[in-house]
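Trainee: I have a new structure to study today. Could we go through it together, step by step?

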Amino acid sequence: MVALVPQENMVALVSRTGRHLQRYSKGRRQVVGCIPYRYKTSKQTPSKHDAPELEVLVITSQKGKGKLFPKGGWEIDESKEGAASRETLEEAGVRGLIGGELGKWSFKSKSHDAYYEGYMFPLLVQEQLDFWPEKNLRRRIWMSAQEAREVCQHWWMKEALDILVNRLTSQQQNQDQELDHVLKARRENLMACM
């Protein structure tokens with residue numbers, strides 16, 4: 001018996017290679033990446049009062065000496081978001097929802113004597129794959145945002161992480177304020193009915 005697998009569930013087990021499709025701006029190689037994140041409850045038996053804990057996914061460098069977020073070249077046949085998503089799938093083996101751009105950074109490559117232009121995006125992880133193109137080259141590690149900030153080897157990725165944490169914190173505060181407003185209005189309506 002043969003099982004058909006939908007094409008959207010297929011993952012190429014080979015990373016894109018080469019620089020012939022690479023984007024450059026004013027001589028600077030353009031790279032894109034994601035900060036994969038998820039929320040985890042801190043207890044085995046969560047209650048409604050437990051705040052979910054933000055976790056981010058870091059990967060080891062190909063040589064295994066440093067930790068960073070997935071990133072790589074933005075190619076001419078891709079959108080920024082598409083390239084960031086592809087790089088995250090190739091290097092970290094996760095898929096999810098990409099949020100709005102966290103920023104743009106100019107930096108000098110540690111391994112090449114060249115300047116790069118980097119863009120980072122948040123990626124809310126919805127699927128973690130068992131097999132992905134760079135599984136044998138990298139390890140992936142879930143950790144708190146603070147731990148990731150301490151171990152990340154690139155200053156510009158640390159800045160992107162700070163922006164993400166601030167954005168998510170602001171969103172949570174806005175949601176909490178909206179919920180408080182709704183609950184207050186309901187209490188007032190109940191009191192008026194009595």
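Trainee: What share of the contacts with a separation of 6 or more comes from residues 24 or more positions apart?
Mentor: Such residues account for 69% of the contacts in the protein with a separation of 6 or more. Contact means heavy atoms within 4.5 Å. Please note that this is a predicted model, in which local features need pLDDT of at least 70 and side-chain atom pairs count only at pLDDT 80 or more, while totals for chains, interfaces and linings use all residues. Residues are numbered from 1 along each chain as its sequence is written, and side-chain values use heavy atoms, with hydrogens and water left out.

Trainee: How many helices and strands are there?
Mentor: The protein has three helices and nine strands. Both are DSSP runs numbered from the N terminus, with helices (H or I) of at least four residues and strands (E) of at least two. Their order from the N terminus is β-β-β-β-β-α-β-β-β-β-α-α.

Trainee: What percentage of the residues count as buried?
Mentor: Of the 194 residues, 38% count as buried. Buried means under 20% relative accessible area, exposed means over 50%, and partly exposed lies in between, with a 1.4 Å probe and protein chains only.

Trainee: Which residues have the most contacts inside the largest nonpolar core?
Mentor: They are Ile35, Phe69 and Met120, in a core of 38 residues. A nonpolar core is a set of buried Ala, Val, Leu, Ile, Met, Phe, Trp, Tyr and Cys residues joined through side-chain atoms within 4.5 Å. Among the elements that each supply at least two residues of this core are strand E2 (28-40), strand E8 (115-128) and helix H3 (155-193). In soluble globular proteins, nonpolar side chains tend to be buried together.

Trainee: And what is Ile35 in contact with?
Mentor: Leaving aside neighbours within four places in sequence, the partners of Ile35 include Val56, Phe69, Met120, Phe121 and Leu164.

Trainee: Let us change topic. How many aromatic pairs are found?
Mentor: A search of the whole structure finds five aromatic pairs. Rings of Phe, Tyr and Trp (its six-membered ring) pair if their centres lie within 6.5 Å; planes under 30 degrees apart count as stacked, over 60 as edge-to-face and the rest as tilted. One of the pairs is Trp105 with Trp156, which is tilted, at 6.2 Å centre to centre and 45° between the planes.

Trainee: Which parts does that pair tie together?
Mentor: Trp105 lies in strand E7 and Trp156 in helix H3, so the pair ties together parts that are 51 residues apart in sequence. Trp105 is buried at 7% relative accessible area, and Trp156 is buried at 1%.

Trainee: What about Phe107 and Tyr116, how far apart are their ring centres?
Mentor: The ring centres of Phe107 and Tyr116 are 5.7 Å apart and the planes meet at 45°, so this pair is tilted. Phe107 is buried at 8% relative accessible area, and Tyr116 at 7%. Trp105, Phe107, Tyr116 and Trp156 form one aromatic cluster.

Trainee: Which ring does the charged end of Arg38 sit over?
Mentor: The charged end of Arg38 sits over the ring of Trp142, 3.9 Å from its centre. A charge sits over a ring if NZ of Lys or CZ of Arg is within 6 Å of the ring centre and within 35 degrees of the ring normal. Likewise, the charged end of Lys135 sits over the ring of Phe131, 5.2 Å from its centre.

Trainee: Now helix H1. What does its buried side pack against?
Mentor: The buried residues of H1 pack against E2, E3, strand E5 (71-73), strand E6 (94-98), E8 and E9. Among those buried residues are Ala83, Ala84, Leu89 and Ala92. Just after H1, Gly93 takes a positive phi of about 70°.
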